[in-house]
Amino acid sequence: MKPTNLQFKRKSRLLAITWPDGDFELSFEFLRVHSPSAEVKGHGGIGGQLPFGKQDVNVEKAEPAGNYGIRIYFDDGHNSGIYSFDTLHELAHNQEELWQHYVEQLHEKGLARAPESQVVTLFSPKGT
Amino acid sequence: MSTKTLQGVKHLVAVASGKGGVGKSTVTANLAAALTRQGKRVGILDADIYGPSQAMMLGIKAGTRPEIIGEKQMKPLTAQGIQMNSMALLATDDTPMVWRGPMASGALQQLLFSTVWDDVDILLIDMPPGTGDIHLTLTQAAPLDGAVVVTTPQDIALIDARKGIEMFKKVSVPILGLVENMAYYQCPSCGNKDAIFGEGAGKRLAEVASAPLLAQIPLNRQVQERADQGEPIAFDDSLLNDVYGQAAAQLINQLAGEPEQTASISFSDD
């Protein structure tokens, strides 16, 4: 399925996507931390890094990639992820779950969404 | 790598096969000839960096080079009304391109974007066999209208053709049609048709791809002779010309009915 319209809202840092089956909004931060690039995902399950401190990330430009997706150039220099329309559709439909998982992972690793800040974990919410 | 539009080209069509040796380049040259006969302005880009053959098939003399425009652009050669550019025009016949993937991809992009095509209706891209670097580059960098997949009837060719079809599906390039090459042999003395490599394969593959079977092309000595002489057989009135003529007409129809819906990308400050 292909979207008909992709609007990058720079001020609210949201990507509004119009699909034949509905409209969705994804935050730039959400897109950035779920980049399908090897840098984030790793190669064949090996490597990959959890991005953090991307709360204020913005998008400089975006270009079509063939007939099947877009490449997004973020203002932190990251541009190696090609977001296929299938990937975007999946991200949009599983947004809440994925976001929850990301925040939990950040917490586990003592990382923060805000750039250049440190989290001092005084206690773990899981009680361990 | 971003997708650029290709100046001077209306429709961009890849001619591909999974397996090598199925006659993809011969089909490309003949399809180009048939399209030209139907009044279309046709170009061929030979993307087979490692084994370019279009120059020979269109009768371009060895050693002919494309004319250079300015510093970075090339004028395509015109042979029998067909515009073309190929790696073969930039190297000699006996120079192998011993290159790794990124070099080959770079060469393809230069051929594609640095050639000044002159108002071409349909640019056919003669792809190398397989699903490798060149295919990735092309599907990511070029605004393809679709692909024509060539196969022969043997199972071993069909398996590879299926992979090719899946590759195009993955990157949302529509399959415009299938061509079954070497579909049968017709005895020149008695006219008896013999499906040497088996029957019905093209039809089955067309069903898998949900695309029309554009042509079933017989094995014919003249096809090979004329390709080697640099005069594709589809330029003449013959039994074969009819087959290629019908394929060309169907392809034109397919392109007319394929308005590429592109997602529009915009930026706003809310």
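This briefing describes chains A and B of a predicted model. Local features are reported only at pLDDT of at least 70 and side-chain atom pairs only at pLDDT 80 or more, while totals for chains, interfaces and linings use all residues. Residues are numbered from 1 along each chain as its sequence is written, and chains are lettered from A in the order in which they are written.

**Chain B as a whole**
- Chain B contains eight helices and 13 strands; these are DSSP runs, helices (H or I) of at least four residues and strands (E) of at least two, numbered from the N terminus.
- The radius of gyration of chain B, taken over C-alpha atoms, is 18 Å, which agrees with the value near 18 Å for a compact globule of 270 residues; the globule rule is 2.2 Å times the number of residues to the power 0.38.
- The C-alpha trace of chain B spans about 70 × 50 × 35 Å along its principal axes.
- Of its 270 residues, 47% count as buried, meaning that 20 or more other C-beta atoms, placed from the backbone, lie within 10 Å of the residue's own; 12 or fewer make a residue exposed, and values in between partly exposed.

**Where the chains meet**
- In all, 20 residues of chain A are in contact with 18 residues of chain B, a contact being two C-beta atoms, placed from the backbone, within 7 Å.
- On the chain A side, strand E1 (5-9), E4 and strand E5 (69-74) each supply at least two residues, and E1(A) gives the most, with five.
- E1(A) runs parallel to strand E13 (residues 264-268) of chain B, and five bridges join them; strands pair if DSSP finds at least two bridges between them.
- Within E13(B), B:Phe267 stands opposite A:Phe8.

**Nonpolar cores**
- The largest nonpolar core has 81 residues, and B:Ile125 and B:Ala147 have the most contacts inside it; such a core is a set of buried Ala, Val, Leu, Ile, Met, Phe, Trp, Tyr and Cys residues joined through C-beta atoms within 7 Å.
- Helix H1 (residues 24-37) of chain B provides the largest share of this core, seven residues.
- Apart from this core lies another, of 22 residues, among them A:Phe8, A:Leu14, A:Val57 and A:Phe74.
- Beyond four places in sequence, the contacts of B:Ala147 include B:Val13, B:Phe168 and B:Leu176.

**A loop residue in chain A**
- A:Gly42 lies in the loop between helix H2 (38-41) and strand E4 (59-65) of chain A.
- A:Gly42 counts as exposed because it has 12 C-beta neighbours inside 10 Å.
- Not counting residues up to four places away in sequence, A:Gly42 touches A:Gly47 and A:Gly48.
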